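Visitor: I have a model open and would like to learn how to read it. Where do we begin?

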Amino acid sequence: MEAGKVHLYCCGPTVYNYAHIGNLRTYIFEDILRRVLEFNGYDVTHVMNITDVGHMTTDEDAGDDKMEVAARRENRSPYEIARFYEQAFFHDTERLNILPPTRAPRATEHVVQMIELIQRLEEAGLTYTTSEGVYFDTARFADYGKLARLNLTGQRTAREEVVTDESKRNPSDFMLWFLNKPSHIMQWTSPWGTGYPGWHIECSAMSMTYLGETFDIHCGGVDHIPVHHTNEIAQSEGATHVPFVKYWMHGEFLLMDKEKISKSKGGSINTLQSLVDLGCDPLGYRYFCLQGHYRAELNFSVAALEAATTGLRKVYALTDEDDVLKADDAAYQQARRRVLTALNDDLGVPHAVGLLNSYQSRKLWLEFDAVLGLDIAKRAMKQDEPLGEEVLVLIEQRNAARRNRDWSRSDALRDEIISMGYDVADGPDGTRVKRRSI
Ligand code: AMP
Ligand code: ZN
């Protein structure tokens with residue numbers, strides 16, 4: 001929209017549970033997008049909402065409220081739940097080197113803006129009110145479903161199963177403001193009565209508040225195309241009569257055992273912490289995600305994660321001495337151009353990573369680490385740091401055990417040193433120890 005600037009909106013987490021690694025794949029994709037734009041010299045304003053109102057367990061307004069289910073489960077207030085999991089979310093994204101958004105507005109702090117937007121839709125004749133709440137009338141919005149190429153007639157049967165409100169006019173109509181739900185703990189007053197906002201309206205209201213009525217790029221996972229983003233467009237364009245978003249970019253799903261993993265039915269490995277508990281490094285997971293293009297599904301397995309981690313260890317181990325490109329500027333610039341071209345071709349991250357692996361140039365990896373976010377400089381330096389006093393003592397003890405041919409003690413000491421985060425090898429001069437990068 002504006003030279004040199006990008007206004008980017010990404011749908012953020014619903015903070016009623018830990019993010020699962022599928023969610024985190026989407027945030028990694030969005031982080032790479034932002035970093036690629038910045039690498040190309042754009043000034044990016046990145047807004048990501050925090051859904052702390054809670055929304056229904058299905059996208060279609062029916063079902064239990066996620067935040068309230070969590071509040072009952074954990075015997076805490078919905079606000080406590082929301083703040084706790086918001087913090088947990090940012091702890092995960094920090095461990096994955098995902099840059100914090102420029103702004104992370106909370107839905108509960110933007111209810112006024114949501115009410116104003118619903119009023120504009122009401123003035124435009126796009127709403128109707130029942131005892132259940134204020135609905136968006138999708139039949140009165142000409143382009144409804146265009147993004148998802150929805151066939152509304154085909155959708156009817158599937159959707160009717162979740163329709164509980166008899167006065168709802170069309171199956172695809174959705175709630176802007178819920179009324180008469182006294183069991184819902186979070187309530188606000190509004191021109192229509194006491195209640196709470198629908199989920200979709202929060203993204204329309206907060207994106208327009210911080211990025212304008214039309215902005216450059218809107219992201220989310222592919223699951224948001226048929227309902228959430230379709231509804232965001234209807235609400236926004238219905239009120240403003242200008243295009244809501246220039247480009248939509250959707251991240252494909254992470255699959256586990258070929259099945260969609262979700263927060264509610266995840267197995268034992270579903271959060272970043274569960275990977276850390278297995279001994280995996282968060283940046284190993286980030287590197288694993290970089291092996292897949294954002295528009296392709298990616299199959300998760302621990303074996304694939306370990307293979308990616310081994311690959312990343314090799315990147316951290318690269319040295320300036322082996323770097324042939326470093327001394328040849330023309331060759332370096334040509335390689336740099338190829339990697340950048342790959343990244344700029346619809347975020348060809350796997351292609352770019354493949355090129356970087358073929359060049360084996362530490363200097364080139366370091367430059368593109370601004371995009372890849374793998375902490376290469378820090379991790380390589382960590383390997384060269386002097387060893388701590390504690391480990392020096394263990395090395396001495398192990399050398400002594402080996403001189404005494406006490407192999408079981410030697411093995412036990414090796415395992416102890418490894419568990420402290422070091423690689424151990426045996427050389428002619430005794431135990432050789434290096435800090436492990438990952
Ligand atoms: P939620 O917190 O449920 O609103 O989801 C946060 C983000 O993760 C959204 O952009 C979803 O589209 C995305 N998402 C959900 N499940 C997956 C998955 N298995 N793989 C990748 N992204 C996902
Ligand atoms: Zn959204």
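**Reading the model feature by feature**

Guide: We begin with a helix and its cover: helix 3 (78–95) is part of what covers the buried residues of helix 2. Keep in mind that this is a predicted model.

Visitor: Which residues of helix 2 are buried?

Guide: Helix 2 spans residues 66–74, and its buried residues are Lys66, Met67, Glu68, Ala70 and Ala71. Look just past the helix as well. There Asn75 takes a positive phi of about 55°.

Visitor: Next, the sheet. How do I read strand pairing?

Guide: Strands of a sheet pair through backbone hydrogen bonds, either parallel or antiparallel. Here four strands form an open sheet in the order 2-1-7-8, and the pairing is parallel.

Visitor: Which are the edge strands?

Guide: Strand 2 (43–48) and strand 8 (245–251). Each of them pairs on one side only.

Visitor: Over how many bridges do strand 1 and strand 7 pair?

Guide: Three bridges, in the parallel sense. Strand 1 covers residues 5–10, and strand 7 covers residues 215–221. For a landmark, find Tyr9: opposite it stands His218 in strand 7.

Visitor: What does the pair Cys203 and His228 tie together?

Guide: Cys203 sits in helix 6 (residues 199–211) and His228 in helix 7 (residues 225–240), so the pair ties together parts 25 residues apart in sequence.

Visitor: Are Cys203 and His228 buried or exposed?

Guide: Cys203 is buried, at a relative accessible area of 0%. His228 is buried too, with a relative accessible area of 0%.

Visitor: Where is Asn231, and what is it in contact with?

Guide: Asn231 is in helix 7. Its relative accessible area is 1%, so it counts as buried. Setting aside neighbours within four places in sequence, Asn231 is in contact with Tyr144, Phe174 and His200.

Visitor: How do I describe two packed helices?

Guide: Two packed helices are described by the angle between their axes and the distance between the axes. Take helix 9 (residues 282–289) and helix 10 (residues 302–317): the angle is about 100°, and the axes are 8 Å apart. That makes the two helices roughly perpendicular.

Visitor: Which residues make the contact?

Guide: From helix 9, Leu283, Gly284, Tyr285, Tyr287 and Phe288. Helix 10 brings several residues, among them Ala304, Leu305, Ala308, Val315 and Tyr316.

Visitor: Which residues is Asn357 in contact with?

Guide: Leaving out neighbours within four places in sequence, they are Tyr287, Val315 and Trp365. Tyr287 belongs to helix 9 and Val315 to helix 10. Asn357 itself is in helix 12 (residues 349–359). At 31% relative accessibility, Asn357 is partly exposed.

Visitor: How far apart are Asn357 and Lys314?

Guide: In sequence, 43 residues; in space, 9.4 Å from C-alpha to C-alpha.

Conventions
Residues numbered from 1 in each chain as written. Chains lettered and ligands numbered in written order. Predicted model: local features only at pLDDT ≥ 70, side-chain atom pairs only at ≥ 80, totals over all residues. Heavy atoms only, no water. Buried < 20%, exposed > 50% of the residue type's maximum accessible area, 1.4 Å probe, protein only. Pairing = 2+ DSSP bridges. Contact = heavy atoms within 4.5 Å. Axes fitted to C-alpha atoms, helices over the stretch in contact; angles between N-to-C directions. Parallel < 35°, antiparallel > 145°, perpendicular 65-115°, else oblique.
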